[in-house]
Amino acid sequence: MADRLSLTGYRYSVYTRAARMALLEKRLSFDDVEVDPFAETPDPALTRATPFGRVPVLRHGDFTIYETAAIMRYVDMLAPQRPLVPADPRAAGRMQQVIGIVDCYGYTAMVRQVFAHAVFRPFVGAQPDASVIDAGLAAAEPVLAALEGIAGEALQLSPETPLSLADLHLAPMMAYFDMAAQGRAMLALHPALQRWFAAVSARASFAATDPGILIA
């Protein structure tokens with residue numbers, strides 16, 4: 001590959017981690033550019049790349065692309081010999097369904113509410129809000145139930161099926177949710193999903209992208 005890949009991201013971002021995992025799983029070399037999208041003064045490298053100020057952003061020569069799902073599909077096509085999109089239409093449909101579920105219904109509940117207040121705020125010395133955690137847990141229940149059904153069907157989210165973009169999209173969110181004691185307890189009630197998470201969290205790409213948050 002003539003042009004070098006460069007991924008601009010934030011180590012604590014689940015979406016940055018998903019993109020990094022995809023690049024590692026595809027065995028593509030890339031430069032890692034760390035920016036803080038929440039900084040008071042926006043990083044010029046980020047504002048030049050996207051009008052929304054979000055991470056991740058992938059650069060490939062003179063081509064720039066943002067939005068995690070788009071980045072991961074692009075990365076997958078760069079190395080087609082290790083596909084992350086199933087050839088089977090039903091499995092591919094389930095893959096896209098998982099991505100839609102976690103983006104639309106899972107991210108806010110599992111990450112912005114449960115993880116942020118139960119884990120991240122204490123980690124950075126900020127005060128958590130128990131009511132936000134409770135609201136996140138309530139919203140996460142139907143998400144985990146839906147994902148449990150998909151994992152039980154075994155077209156996706158199963159140790160027996162080839163790794164896909166759905167696994168990489170969900171794994172960082174589930175990792176954060178599992179770091180909260182309340183999230184871990186809820187995950188334990190969903191055995192097929194818990195079995196999937198045990199398998200995906202054992203992958204080298206998962207370990208290599210660990211953001212390094214220590215639980216007190």
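Q: Where is E160 found?
A: Helices and strands are DSSP runs, numbered from the N terminus; a helix (H or I) needs at least four residues, a strand (E) at least two. E160 is found in the loop between α5 (130-153) and α6 (165-179). This is a predicted model: local features need pLDDT of at least 70, side-chain atom pairs count only at pLDDT 80 or more, and totals for chains, interfaces and linings use all residues. Residues are numbered from 1 along each chain as its sequence is written, and side-chain values use heavy atoms, with hydrogens and water left out.

Q: Is E160 buried or exposed?
A: Go by relative accessible area: buried means under 20%, exposed over 50%, partly exposed in between (1.4 Å probe, protein chains only). E160 has 56%, so E160 is exposed.

Q: Which residue forms a salt bridge with E160?
A: A salt bridge is a side-chain nitrogen of Lys or Arg within 4 Å of a carboxyl oxygen of Asp or Glu. The partner of E160 is R195, with the closest N and O atoms 2.6 Å apart. E160 sits in the loop between α5 and α6 and R195 in helix α8 (residues 191-200), so the bridge ties together parts 35 residues apart in sequence. R195 counts as partly exposed, because its relative accessibility is 46%.

Q: How many salt bridges does the structure hold?
A: Seven. One of them joins the side chains of D32 and R20, at 2.9 Å from N to O. D32 lies in strand β2 (residues 30-34) and R20 in helix α1, so this pair ties parts that are twelve residues apart in sequence.

Q: Which residues are linked with R20 in a network of salt bridges?
A: D32 and E34. R20 also bridges to E34, the closest N and O atoms being 3.2 Å apart. Here too helix α1 is tied to strand β2: R20 and E34 are 14 residues apart in sequence. Now check the exposure of each member. R20 is buried, at 10% relative accessible area. D32 is partly exposed at 46%, and E34 is partly exposed at 42%.

Q: How many aromatic pairs does a search of the whole structure find?
A: First the rule. Rings of Phe, Tyr and Trp (its six-membered ring) pair if their centres lie within 6.5 Å; planes under 30 degrees apart count as stacked, over 60 as edge-to-face and the rest as tilted. The search finds twelve pairs. Among them is Y12 with F123, an edge-to-face pair with 6.3 Å centre to centre and 75 degrees between the planes.

Q: Why does the pair of Y12 and F123 tie together parts that are apart in sequence?
A: Because Y12 lies in the loop between β1 (5-9) and α1 (14-25), while F123 lies in helix α4 (residues 89-124); the parts are 111 residues apart in sequence. Y12 counts as partly exposed, at 23% relative accessibility. F123 also counts as partly exposed, at 31%.

Q: What is the geometry of the pair Y15 and Y107?
A: Tilted: 5.2 Å centre to centre, with 45 degrees between the planes. The pair links distant parts of the chain, with Y15 in helix α1 and Y107 in helix α4, 92 residues apart. Y15 counts as buried, at 16% relative accessibility.

Q: Which residues form one aromatic cluster?
A: Y10, Y12, F38, F115, F120, F123 and Y176.

Q: Which ring does R17 lie over?
A: A charge sits over a ring if NZ of Lys or CZ of Arg is within 6 Å of the ring centre and within 35 degrees of the ring normal. R17 lies over the face of F206, 4.1 Å from the ring centre.

Q: What does T68 touch?
A: Contact means heavy atoms within 4.5 Å. Leaving out residues up to four places away in sequence, T68 touches Y15, A18, P56 and H169. T68 is found in helix α3 (residues 68-78) and counts as buried, at 7% relative accessibility.
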